[in-house]
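Visitor: I would like to go through this structure by asking about it piece by piece. Please keep the answers plain.

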Amino acid sequence: MEFVSVAIFLELPLSIPHFLLCTHAVSSTQKHKAQKLRPHRGRDYQRERERERACVFVVCSRIFSPPCVLPEKAETGEEKEAQAFPVDPELEANCHATVVSGWFSDKVGKGMYFNNPMWPGEAHSLKVEKVLFKEKSEYQEVVVFESATYGKVLVLDGILQLTEKDECAYQEMIAHLPLCSIESPKNVLVVGGGDGGVLREIARHSSVDSIDICEIDKMVIDVSKKFFPELAVGFDDPRVHLHVADAVEFIRNTPRGKYDAIIVDSSDPVGPAQELVERPFFESIARALRPGGVLCNMAESMWLHTHLIQDMMTACHEIFKGSVHYAWASVPTYPSGVIGFILCSTVGPPVDFKIPVNPIEKIEGALEHWRELRFYNSQMHRAAFALPSFVKREVSCL
């Protein structure tokens, strides 16, 4: 199987099947190489045009005829003719016949396909049925497509953010882990979260009086309202106050002790989100929390990023002075299938994150507010803090 992950144009009929989403961004070198395909009109022009049409910005990849699968036999016993595009000879020579196409790749694209430093050497793929939206905002490329098995998918700068099928795990855990760990939270801030899913979950808590959300990219909000109404419904709650602004500056100007809880629903710590995992930002958050206030911050995958988790945990121990814990949840479409959360509290009333003192099951109407909870419950809350032995060894400050 060859994955061609280049181009920046959309020239093919959207109904053509066999497209895959790759959870990685394309390097500038790759984009340059892709663009060089367009003016070439030599003997192999038709073949190159076929390859060019097989690319959709940074999120889609074409499956060429899979040399890694044993050929399917017709009823007559003869091999069926391949229905896909021509096989890459180099790939054919290096691919073992028993390697299942789509699950494993041998020397794909000379390393081009696995170029994201956040998860080197691997990529998760989803089949794209139809691209629904593709536009560049002031900050990032925003893409929405209909997948074959996970419903609609939101992608920012080539990196998957959520799918309709499994968004519940992330949204419910990042919201209820902190809010169910303190009594009667009233003032809550969400950093990022422009899809509205975290707002939807916070709204289950009847004790909350005010929900501020600071999202830098208005296009993400507008796209979510159009394509992901089950998440964007969170914006309809009258307690929500939207601030389209830079979160670093917003929190820097927040009055001391304003919030009971801050939830940082950021993307991976690259590009604009880099500042959201650095020490000055955590210091600003700690200052914005009341005594005994809590932070829940997205904290990568324990299978891939223990070095990042170690750095974040070390900084949080030094800054927050109260409880600092790491939890995790299963999200199938995220790299490695899991995502982590750092939970911190400031000095003040003690917080034991492992015990939900404000259980969701006892909050009137919470279980079915707008829709039923699909992932979180008090048992999942406690279980989220059980960590594998290798994580305890590699993250020494746990």
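Visitor: What share of the accessible surface of the protein belongs to carbon and sulfur atoms?
Guide: This is a predicted model, in which local features need pLDDT of at least 70, side-chain atom pairs count only at pLDDT 80 or more, and totals for chains, interfaces and linings use all residues. Residues are numbered from 1 along each chain as its sequence is written, and side-chain values use heavy atoms, leaving out hydrogens and water. Accessible areas come from the Shrake-Rupley method with a 1.4 Å probe, and for residues only the protein chains shown count as cover. The accessible surface comes to about 18,100 Å², and the share of carbon and sulfur atoms is 53%.

Visitor: How much of the protein counts as buried?
Guide: Buried means under 20% relative accessible area, exposed over 50%, and partly exposed in between (1.4 Å probe, protein chains only). Of the 398 residues, the buried part is 54%.

Visitor: At what angle do the axes of helix α9 and helix α10 cross?
Guide: Helices (H or I, at least four residues) and strands (E, at least two) are DSSP runs, numbered from the N terminus. Axes are lines fitted to C-alpha atoms, for helices over the stretch in contact (heavy atoms within 4.5 Å), and angles run from 0 to 180 degrees between N-to-C directions. The axes of α9 (residues 279–288) and α10 (residues 306–320) come within 10 Å, and they cross at roughly 35°.

Visitor: Which residues of α10 does α9 meet?
Guide: On the α9 side, the residues are Arg 279, Phe 282, Glu 283, Ile 285 and Ala 286. In α10 they meet Met 312, Ala 315, Cys 316, Glu 318, Ile 319 and Phe 320.

Visitor: Which residues of α9 are buried?
Guide: The buried residues of α9 pack against β8 (187–192), α8 (247–252), β11 (259–265), β12 (289–298), α10 and β14 (338–346). They are Phe 281, Phe 282, Ser 284, Ile 285, Ala 286 and Ala 288.

Visitor: How many aromatic pairs does the structure hold?
Guide: Rings of Phe, Tyr and Trp (its six-membered ring) pair if their centres lie within 6.5 Å; planes under 30 degrees apart count as stacked, over 60 as edge-to-face and the rest as tilted. The number of such pairs in the structure is four.

Visitor: Why does the pair of Phe 133 and Phe 227 count as tilted?
Guide: The ring centres of Phe 133 and Phe 227 are 6.0 Å apart. Their planes stand at 55°, so the pair is tilted.
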